[in-house]
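Please find below my note on the two-chain model under discussion. I would ask that it be read alongside the sequence and the coordinates.

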Amino acid sequence: MAKRPAPGPLEYLRRWPLQLWLAAVGIFLYAPLVALMVFSFNDSRRNIVWQGFTLKYYEKALNNASLIEAFVNSLTIAAVSTFLSLILGAMAALALWRFRFPGKAGFDGALALPIVAPEICLGVAMLVFFAKVLPWPQDLPWPLNLGAIIIAHVSFSFPFVAVVVRGRMASFNRELEEAARDLGASEWRTLKDVILPHMAPSLVAGAFLAFTLSLDDFVITFFTSGPDTVTFPVKVYSMVRFSVTPEVNAASTLLIVLTVVLTAIALKVQGDPASTAGGHAALDRPKDRP
Amino acid sequence: MEQHWKSAKALFGAVLVPPLFWLALFFLVPMGIVWLYSFGENRGLTEIALTGTFSNYLRALDPLYLKIFVKSVGIAGLTTLICLVVGFPVALAITFAPPKAKTWLLLAVMLPFWTNLLIRTYALIAVLRTEGYVNQSLGWLWNGLGSVVAGLGLGTLAPFQPLELLHNNFAVVLGLVYVHLPFMVLPLYSALDRMDTSLIEASLDLGAGHLRTLFTIVAPLALPGIASGVVITFIPALGSYLTPDLLGGPDSQMIANIIERQFKRANDWPFGAALSFLLMYMTFIAIALQAVLSRRRGERG
């Protein structure tokens with residue numbers, strides 16, 4: 001009677017049709033990227049047949065002043081917008097997690113809008129806003145001239161941070177907070193010593209998400225950037241429009257390496273990749289399965 | 001229990017006001033202006049008069065634009081369908097993988113998702129273009145075949161004609177699938193992972209085959225996950241700008257490309273605003289449909 005549930009039937013990963021499928025999807029997802037990286041070392045302008053190893057396109061990319069400037073712009077924008085998004089996102093999450101207040105459903109819904117709104121709609125809205133309401137001077141000293149792009153990036157990043165932080169706070173044991181209060185801690189002290197430590201992992205995940213969202217964004221930046229505020233994706237876009245060059249391959253490889261390094265760091269801090277997946281997808285799954 | 005805001009006014013104000021202010025000023029106001037402009041008319045080069053006209057929306061019904069709307073929905077729908085078919089077995093494999101492999105597989109799905117969209121699109125261009133890697137490989141195979149044929153004394157093959165893989169609708173759908181596959185796999189995985197595996201075991205024990213179990217047990221149970229995966233994939237695919245712009249040809253324009261043209265080149269902001277809000281409404285409809293579907297399921301279950 002006590003038949004042990006055989007693990008065999010459900011080990012789909014060990015069945016060859018599925019293995020074949022996974023391999024095909026893996027090739028589909030990774031072959032173009034790997035080809036791009038390999039051919040960045042190819043000693044041929046036409047960039048199709050392997051002619052020999054060279055680093056000259058890296059040298060070219062690194063000596064391309066406008067490309068470097070765009071890269072630095074992108075990193076600066078990502079860093080500042082991540083910082084602001086973390087603060088605003090954590091605040092929004094705290095307000096929604098902690099309090100009952102009139103208009104709460106409205107705030108919650110409005111906060112979801114930047115997540116679901118198509119990028120192009122947000123892009124044109126920002127274009128109109130910075131053209132008509134808040135003209136951002138183009139001749140400000142760096143990095144203040146990046147202000148418009150930073151504002152736009154924070155607007156679509158911080159709601160994502162709020163979602164991640166709120167998901168984490170759902171697992172907070174409110175009795176801890178009561179205990180802290182009973183022991184005489186003030187409202188602020190409780191926030192700093194009890195709530196924030198619990199929130200910390202989601203802040204790391206949120207920061208990673210906000211940073212990649214900002215670094216990745218093309219469409220919204222395309223509508224807010226001027227001739228002097230070119231970001232890396234916008235620069236690559238204008239290069240790609242002309243031709244496929246090994247220089248773009250080299251620059252792209254550098255950014256891919258940066259992404260992989262950042263991912264590795266985030267995972268190291270975080271532990272579980274599922275929790276950095278972003279949003280609710282991974283946060284609400286059951287703890288353990290036998 | 002949630003606290004009433006009046007019991008800690010200072011803290012409440014401190015955490016609510018900054019995000020609320022930011023959201024209102026830097027999101028709702030810009031969106032609101034675009035919405036108002038969609039009822040406006042161009043006066044001169046930069047002036048827009050808010051006349052309350054519906055002519056911009058009526059213009060969107062012009063067959064020229066209507067065709068693009070229909071085509072965009074079709075392309076996004078096809079992309080979503082392909083992502084679902086390709087992604088479902090992947091999600092299934094991840095769900096039942098041993099913990100260590102699961103971590104790596106999840107990472108493998110998510111890594112391209114974190115890689116810059118422009119770089120991924122550029123990588124596809126390099127693969128698909130006339131002198132790209134696919135055509136190169138096919139050319140080598142063809143030439144190899146040619147020399148075999150010639151060696152056997154069977155005559156000569158026609159010279160290799162590179163396939164036109166780029167700048168057409170095929171490239172756009174391929175590019176969209178390439179970009180959006182992780183959007184589908186993650187929600188599917190999340191739903192499958194929550195499933196009670198004893199139901200599958202029971203079905204298999206009672207003699208149903210794997211495919212039958214998949215379609216009669218797993219798919220219905222994973223329906224909420226499928227629904228959210230479909231919406232999460234469909235919405236960004238419908239609004240995509242970069243993929244049709246770089247991979248598509250003259251006839252693969254999607255809604256976003258038309259919106260961009262109104263704002264940048266054609267300089268017809270009111271019409272662009274109307275198109276952009278039509279896209280917003282389509283997004284809302286997709287979300288509402290999903291909400292209704294999942295609620296109906298919840299009531300039944």
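The numbered points below treat the basis of the model, the interface, and then selected local features.

1. Basis and numbering. The model is predicted: local features require a pLDDT of at least 70, side-chain atom pairs count only at pLDDT 80 or more, and totals for chains, interfaces and linings use all residues. Residues are numbered from 1 along each chain as its sequence is written, and chains are lettered from A and ligands numbered from 1 in the order in which they are written.

2. Confidence. The predictor assigns the complex an ipTM of 0.87 and a pTM of 0.87. The mean pLDDT (the predictor's confidence in each residue, from 0 to 100) of chain B is 87, and 98% of its residues score at least 70. Within chain B, helix α3 (residues 63–95) has the highest confidence, at a mean of 94, and helix α8 (residues 197–205) the lowest, at 81. Helices here are DSSP runs of H or I with at least four residues, strands are runs of E with at least two, and both are numbered from the N terminus.

3. Architecture of chain A. Chain A contains twelve helices and one strand, in the order α-α-α-β-α-α-α-α-α-α-α-α-α along the sequence. Of its 290 residues, 43% count as buried; a residue is buried if 20 or more other C-beta atoms lie within 10 Å of its own, exposed if 12 or fewer, and partly exposed in between, with C-beta atoms placed from the backbone. Among contacts in chain A between residues at least 6 apart in sequence, 77% join residues at least 24 apart. Two residues are in contact if their C-beta atoms, placed from the backbone, lie within 7 Å.

4. Strand pairing between the chains. Strand β1 (residues 99–100) of chain A runs parallel to strand β1 (residues 3–4) of chain B, and two bridges join them. Strands are taken to pair if DSSP finds at least two bridges between them. A:Arg100 has B:His4 as its bridge partner.

5. Helix α1 of chain A. This helix (residues 16–39) has 24 residues and reaches 32 Å from its first C-alpha to its last, close to the expected 34 Å; the expected span is 1.5 Å times one less than the number of residues. The helix bends by about 40 degrees at A:Tyr30, and A:Pro32 follows within four residues. The bend is the angle between axes fitted to the seven residues ending at a position and the seven starting there. A:Pro32 is also among the buried residues of α1(A), as are A:Leu29, A:Leu33, A:Leu36 and A:Phe39.

6. The hairpin of chain B. Strands β2 (residues 40–43) and β3 (residues 47–50) of chain B pair in the antiparallel sense over four bridges. B:Glu41 has B:Ala49 in β3(B) as its bridge partner. Three residues lie between the strands, and B:Gly44 takes a positive phi near 70 degrees in this hairpin.

7. Helix positions in chain B. B:Tyr133 is found in helix α6 (residues 133–151) of chain B and is partly exposed, because 18 other C-beta atoms lie within 10 Å. Not counting residues up to four places away in sequence, B:Tyr133 touches A:Ala35, B:Ala126 and B:Val127. B:Pro63 is found in helix α3 of chain B and counts as exposed, with 8 C-beta neighbours inside 10 Å.

8. Backbone geometry to inspect. The peptide bond from A:Trp142 to A:Pro143 is cis, with omega near 0 degrees; A:Pro143 is found in the loop between α5 and α6 (147–169) of chain A. Although not a glycine, B:His167 has a positive phi of about 60 degrees, and B:His167 lies in the loop between α6 and α7 (169–193) of chain B. B:Asn267, also not a glycine, has a positive phi of about 55 degrees. B:Asn267 is exposed, with 12 other C-beta atoms within 10 Å.
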